[in-house]
Every structure is written in structure tokens, then in C-alpha cells.
Amino acid sequence: MRWITIKTLRAALTMWLVVTFVFFVLRATGDPAAILLPDDIDQATLEFYREKWGLTAPLWEQYVSYWKALFHGDFGISFRNNMDAFQLVWERVPKTALLGGTALLIALVIGMPLGILAALYKDSWLDRVIMTTAVFGFSMPNFFLGILLILIFSLQLRMLPSSGSGTAAHLIMPALTLGTGFAAQIARYTRSSMIEVLIRPYMRTARSKGAGPMRRLAQHALPNASVPVVTILGFKVGELLGWAVVTETVFAWPGIGRLLTHSVAVRDLAVVQCIMIILALTMVFSNMIVDLIYGRLDPRVRVGAGTASK
Amino acid sequence: MSAFLTAENLRRSFATGRGGLFRPAPRFFAVDGVSLELEKGQTLGIVGESGCGKSTLSKLILGLIEADGGSVRLGGQETLNLSDADWRAMRRRMQLVYQDAAGALDPRMTVRAQVEEPLRIHGLPLGAAEEALRAVGLNGTMAGRYPHEMSGGQLQRVVIARALALEPDLMVLDEPVSALDVSIQAQIVNLLVQLQAERGLTYVFVSHDLGVVRHISDRVAVMYLGRVVEEAPKEAFYDGPLHPYARALLDAVAVPDPANRRTQAVRLGDPPNPANPPSGCRFHPRCPFATEICRAETPALRDFGGRRAACHHAEEIC
């Protein structure tokens, strides 16, 4: 119980910092009304919109009223099209979730087995091939891989659509673009963490029990090696969302990443703030989930387990 | 009649560096032609300094690492170079207990699960796990714990229970008490002695602690740089070792009463680099009795009536 309280308080603090930071930084980088409205607009109209969007009050008053609204579930109105900011963002969340989820799945399905293979055959040609490919995989910029895929599969082979999100075929290239770099990183983490586990005495114990190679892998090596990999995964979810911005732009994928770049460019304050809050919440939750999985994987950090542990 | 456990001319080398294209990597023999025999239900203590090949020898006997040459027989049956299936079946007959009890246990599994695992692997009834835990003095509540929730002595009991569960004939104990407090050491050693008496177990007990070895062993073998330099029944060995190195080891043991001190202990200094062993008798640079022949000729392990020693001057020294 105490653990949950601490976690929640910490999450709340994180959220407060994010909201505050975004609020002030956005307002410090220029007058939204001036940026959003045409250059040749007259002063009276400009003032009218400033008044309407609540930009005339002192900054701290704006800050306080923003928080008040937040507690009523009101994220504000998009300056651009007068829609409820939350609704605008929420509509696009499933698209980004689909893209990010698929990419993460690809990363795990490709990255983990390759990492395991590389560790089992450490220093062999197989290890070298896998690790060289991995270096290539995560040093290649995201957008570049995206454009390369479009060139090959859309323009040359005409197999896959280059943009949009209508069908499963639309998902393949963006998800691969986003997932490849992560697959490479996961392969590396899995490899190093497996190598560390494989030399542990309990692996020798398992062998002397008569456990065969598959059992040693599934029962002893993998569960122990996955602990650090899962930790990394928690951080990676945030990074994944960050890269989703680039990928969504390249493939014209209608997710929150593209909405974010657009909204930052025109200082659509309410929308940017709403997106940041949702991203931050996603981060906080994914880390909480990692903590929970952690407890499942490693009894030493299991909450409330045993009495002898200090 | 041949002994229950026989090791013959076991050798194992390790690479010490990288080779070139046409030049093989330099190697040294961690275990260099070791032959031992042990009767059923007895304990052979193996002593020597760090790096003398004790641990390598214990892994060789169990077949956990591959030997460059030599053979091991248990009850007349060859145990090295087996097929996978035979190798695994052999695990039921020989088990390992080693120094790092905490490391030897999977941190993610409860004690019960770890002791049951060998039984599952070999398709044996799981009840033997509970029985083995009880035999080492751990009750049912302990069985549900994870390794990090137990003390060092308890962990070593778990490791012993895990080995016992398969009801092996041979247990190789590699420094099983070195990492424990002295009071706990005594408990574990007494437990081992008791289990041996009850079950007729055969022990190979590797240790650098001559006191513990004296307590538990029937025979003692002294290793020096990969070779056995003396092997004798316990009483004979502790009464009067034949090899100058064995003597130096015994003299170096602290004696509670200074009046009982035998002689001034020989100062040995650091052992030579095992990767580049001295010529002739490997002990000659540190030996106070060394002569010309020791530098030139490797002494054979000669029989002295129930005991063996590898020293050119054994007759004159003792």
C-alpha cells in the first residue's frame, strides 16, 4: 500500500513538472495570436483574439486558471479550429497507439531472439553478423529508413502505399521504420544481459542437475536476463513515442505525433499542452507497469515479499 | 578390485593468450596428469594453494568441463565422453556442491522449486525434495523462500539438499565451507559427515583449509601446480608428510599453543606462474631441500606403502 502511495505521489510530481514546464516554455517563445493570425491583421482584431484566448491576463493568473480548468477536465480550446483540444487529440491516440504498439512488437519479436542467439554463440560469425546488423540498424536515421522503404516498396515495386492509414498494408512500412532501430537496441541489450547471466554459477548448477540446453535457456537464463531488458523497455516506450513524431510525418500517418509538430508550429497552446500531458502520462504508466513486471521477474524487488530481506 | 572412483592421468589446459595465424595460442596445464583412487563411502580431501588446479580437477571429475586427456570411472563405468543422454543420466550419480552457494542458486526460484528441478528433469517423484530439505535441517517454511531471504549457512544447506535430492553416489564438494563463518562451517561439515554416514556417500572434498580436511577426510591429496605431489591416508599425512611442500603447508597452519610448534615454518613466498612452470620438480625454486636432480628431472609419484609422494628426496627428508 505504501509503495502505491509513493509511486502515485511521484507520478503526480512528474505530471506537475511537465505541465508547468510546457506552459511557460510555450508562452516564452512568442505571442500565439501574432503567430497564428495573418501578418497584416489590424491591432484591434489581434487584441480581440488575445482577449478571447485569455492571453491578456498576467502569466501566473493564466497558469492558475489553466490548472483550475484541468481539474474540471477542461483542456482548453484549439486556437486553430475552435474544437475541444482534448477531443482533437484523443481522436488521434488510437492511430499512434497502433503504430507504436506494432513497432514495439516488431522490436521484441526480432530483437530478443537475435540477442539470445548472439549471446549463445558469442564471438562466433553468427554473433558478429547479428551485432554488425544491429549497429547498422540503430545508426540509420529513422526518416532515412522511412524514405528508403518508400522508394523501394512504393515507387519501385509498387507493393505498399506510401502514406495514409486505411489498411493493414499502410501499417507495414511505418511500423518497420519505427521498430527497426528498437529491434537493434533490444538485440544488444538482450545479448549483453544474456552473456552476463550465462556465466553465472547457477547456470552450471542447472547443467549439473542434468537440465538440457532448452530448459537451461527457458527456465534459468531468459527469466534472469529479461530483468534489465524490461527496465530498458520502460524508458524506450517514451523514446518510441518521440520517434513516432518523425515517422508519422514521413508517412503522413494521422497520429498525435503529426498533430504535435503542427500545433507547435502554430502555437496552438491548448493542443500542445494536452498532447504533452498524455505523453507524460503514458511514460508514467509504462514505468509503473515495468515496476510491476519487475516484481514478477525478480523476487528480490517484489513488494512486501518476505521478511528477511533488507 | 579397482576402486569405486578412479581418475587416470587427467589433463586439462587453458589458453593464456591469443595465437597468431600459424602460431597456436600459448596454453598451460591447470591439471597435468592427475591420477586418483577412492573407495566407496570414503572422503578424499584435496588441498593446495589457490591456482593449483583444485577446482579444475573437481569439474573434470564431474565432467562439467572437457578433459584434454585421461579417464574417470565411477563404479567401473566410464564417465567422460558420454553421449548427451548418458551424460545426463550420469548426473543422477554424481553431484556438485561449491563455494558460492548464493551464486549457485537461481535468484528467481524458490528453494523448493530449485531442489525439485533435478527431480523433474529426471522424472522422479517430487517428494524427495522435501525429504532432502529435511535431511539438511530445513523445514517446510524455508522451502517457500527465495535465496535472498536466507543466510549463507542456510543457502549452503539448500545447495547440499539440491545435490542430495537425486541420491547420488558421489558428491564433489569444492570449497563448500570456505565462504562461511567458522561456527557455521562446523555445522555444515558435521552435516556432511552425518549424511555420509547415513547414506554411504563418497566425497571428494576440495579445500585450502587443512583443519577442515583433517576433520572430514579419509585420505588427503596435495596438489601443486596441476599435479598431485603427495597422496596418503589422513593419519599418516598429518603425522608426517613426505613431500616438502606438504610439510610446508602443514607447518604454515597456525598452532594454538606455541610450545607445540613443530618447526619454524618454511617461508614459501608466492607460487610461480602456473603458465610458465619451473623445470624438473615444479616445487624446486621454493624447496629448501632442492638439489641438481630436482632442477633437471620431474620426480615420479612413487609408492611408499599405501601412500604416494613425488619427491626425489622423500626418503632422506622424513
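Strands here are DSSP runs of E of at least two residues, helices are runs of H or I of at least four, and both are numbered from the N terminus; two strands pair if DSSP finds at least two bridges between them. Within this pairing, D174(B) sits opposite V206(B) in β8(B).

Both strands belong to an open sheet of 8 strands in chain B, ordered β6-β7-β8-β3-β9-β10-β12-β11, and the pairing is mixed. At the edges stand β6 (94–98) and β11 (302–303) of chain B; each has a single partner strand, so one side of each lacks a neighbour in the sheet. Helix α11 (residues 244–252) of chain B packs on the sheet and touches β3 (43–47), β9 (219–224) and β10 (227–233) of chain B. Touching means contact, with C-beta atoms, placed from the backbone, within 7 Å. The direction of α11(B) makes about 105° with that of β9(B), using lines fitted to C-alpha atoms (for helices, over the stretch in contact) and angles from 0 to 180 degrees between N-to-C directions.

Now for chain A, which has 12 helices and 0 strands. Its C-alpha atoms fill a box of roughly 85 × 60 × 30 Å along the principal axes. Of its 310 residues, 32% are buried (20 or more other C-beta atoms within 10 Å of a residue's own, C-beta atoms being placed from the backbone). Among chain A contacts between residues at least 6 apart in sequence, 73% join residues at least 24 apart.

Residues are numbered from 1 along each chain as its sequence is written, while chains are lettered from A and ligands numbered from 1 in the order in which they are written. As the model is predicted, local features need pLDDT of at least 70 and side-chain atom pairs count only at pLDDT 80 or more, whereas totals for chains, interfaces and linings use all residues.

Methods: Two residues are in contact if their C-beta atoms, placed from the backbone, lie within 7 Å. A residue is buried if 20 or more other C-beta atoms lie within 10 Å of its own, exposed if 12 or fewer, and partly exposed in between; C-beta atoms are placed from the backbone.
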